Amino acid sequence: MEKNGSFEIKDLKISYKVFNGELQVVDGMNLRLNSGERMGLVGEAGCGKTTTLKSVLGILPSNAVISSGEVLFNGEDVLKFDNKKMQEFRKKNCAMIFQDPSSALNPIFKVKDLMMNGMRNSLAKSKDWKKVAYEKAVSSLRDVMLPDPERIMENYPFQLSGGMRQRVCIAMAIATDRHLLLADEPTTSLDVTIQEQILKLIYKLSIEKKLSVILVTHSMGVIREMTDRVSVMYAGTVMEVGDTKDVLESPQHPYTKALIACIPKLTGSGVAEGIPGRVPDYLNPPKGCRYVDRCPYATAICREEKPKLTDCGKNHQIACHNCGR
Ligand SMILES: Nc1ncnc2c1ncn2[C@@H]1O[C@H](COP(=O)(O)OP(=O)(O)OP(=O)(O)O)[C@@H](O)[C@H]1O
Ligand SMILES: [Mg+2]
């Protein structure tokens, strides 16, 4: 089997059980990541970005149901992993950085315990694993440019600033050589000056460590700077995917066009209008294209049939019945 860190989400469907029914949130999500690639994931609040990423690590809340689909890592379906295999996958192959670094770090442990525990599995076979783990942890803290790593190892999370905590999360993610980093709005809760540093750091590490990255962000500027490709998600499906430059400069899907038109221009006058309408009701979503009620180009077929992702250029796909309008 290929062991190159290939990653693919195929036709994934996830719903949440709620008191009055099922929220059909993720609806046939598809995403393919080449090894070492940085993929941006954008879309309005509530379109299922976090839900999708959590499913990869098996950390969905208990009311979530994965009804179909596959998440393939090195050709193996992660969704079928038992507990032990999933633990191993998390410790060896895939790490996630969350929006809020405080909730990601267990407050009762020192940084050194958090970091060394994370490495335990991958180093378990050596006798002096503790010494090796300590040294690796310190060097990872140095990699993320935290000053005085030995002192930070002795700190509890509450003794660190938000930016420092996020750096610790990133250090934990890179301390063992993993293939895949899921970064879910990693800088939203941070100071603007720190945001840039953290993003640059993720970029640098992704190149140095040949990490594949899925980066969720609401900023098209960050997408432009950081990613090779971008997937535009709407209400649980990918509407457009392509090389970042192509998608930003010549978006093909009506939703992407509208999303890009919302970016306030420095030279423009007034405030951007936003996209009229709202994300569909997940209890009773439209049968066909989920964007149908907001799309100015919708035709009869859009109500009936879900559009599939199809080529609309080199490396560029959209899910739209009225492609090219
Ligand atoms: N535990 C849950 N129970 C019920 N519904 C949930 C649960 N978690 C999320 N949802 C719903 O699923 C939808 C998708 O949520 P998700 O957090 O994946 O969106 P998102 O794209 O990450 O949004 P944001 O950009 O705001 O982070 C939302 O409508 C949300 O209300
Ligand atoms: Mg989210």
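Trainee: What classes of residue make up the shell around ligand 1?
Mentor: By class, the shell has 8 nonpolar, 6 polar and 2 charged residues. Here Ala, Val, Leu, Ile, Met, Phe, Trp, Tyr, Cys and Pro count as nonpolar, Asp, Glu, Lys and Arg as charged, and the others, Gly among them, as polar. Please note that this is a predicted model, in which local features need pLDDT of at least 70, side-chain atom pairs count only at pLDDT 80 or more, and totals for chains, interfaces and linings use all residues. Residues are numbered from 1 along each chain as its sequence is written, chains are lettered from A and ligands numbered from 1 in the order in which they are written, and side-chain values use heavy atoms, with hydrogens and water left out.

Trainee: Which residues come nearest to ligand 1?
Mentor: Of the 16 residues around ligand 1, the nearest are Gly46, Lys49, Thr50, Thr51 and Asn63. A residue is near a molecule if one of its heavy atoms lies within 4 Å of it.

Trainee: And how far is the side chain of Thr51 from an oxygen atom of the ligand?
Mentor: An N or O atom in the side chain of Thr51 is 2.5 Å from an oxygen atom of ligand 1. For Thr50 the corresponding distance is 2.7 Å, and a polar side-chain atom of His218 lies 3.1 Å from a ligand oxygen.

Trainee: Which element supplies the largest share of that shell?
Mentor: Helix 1 does, with 3 residues. Helices are DSSP runs (H or I, at least four residues) and strands likewise (E, at least two), numbered from the N terminus.

Trainee: Why is helix 1 described as largely enclosed?
Mentor: Because 7 of its 9 residues are buried, helix 1 is largely enclosed by the rest of the structure. Buried means under 20% relative accessible area, exposed over 50%, and partly exposed in between, with a 1.4 Å probe and protein chains only. Lys49, Thr51 and Leu53 are among the buried residues of helix 1.

Trainee: Changing topic: is His316 buried or exposed?
Mentor: His316 counts as buried, because its relative accessibility is 5%. This residue lies in strand 12, residues 316–318.

Trainee: Which side chain does His316 join through a polar contact?
Mentor: That of Glu240, at 2.6 Å. A polar contact is a pair of N or O atoms within 3.5 Å; within protein, one must be able to donate a hydrogen and the other to accept it, and residues adjacent in sequence count only if both atoms are side-chain atoms.
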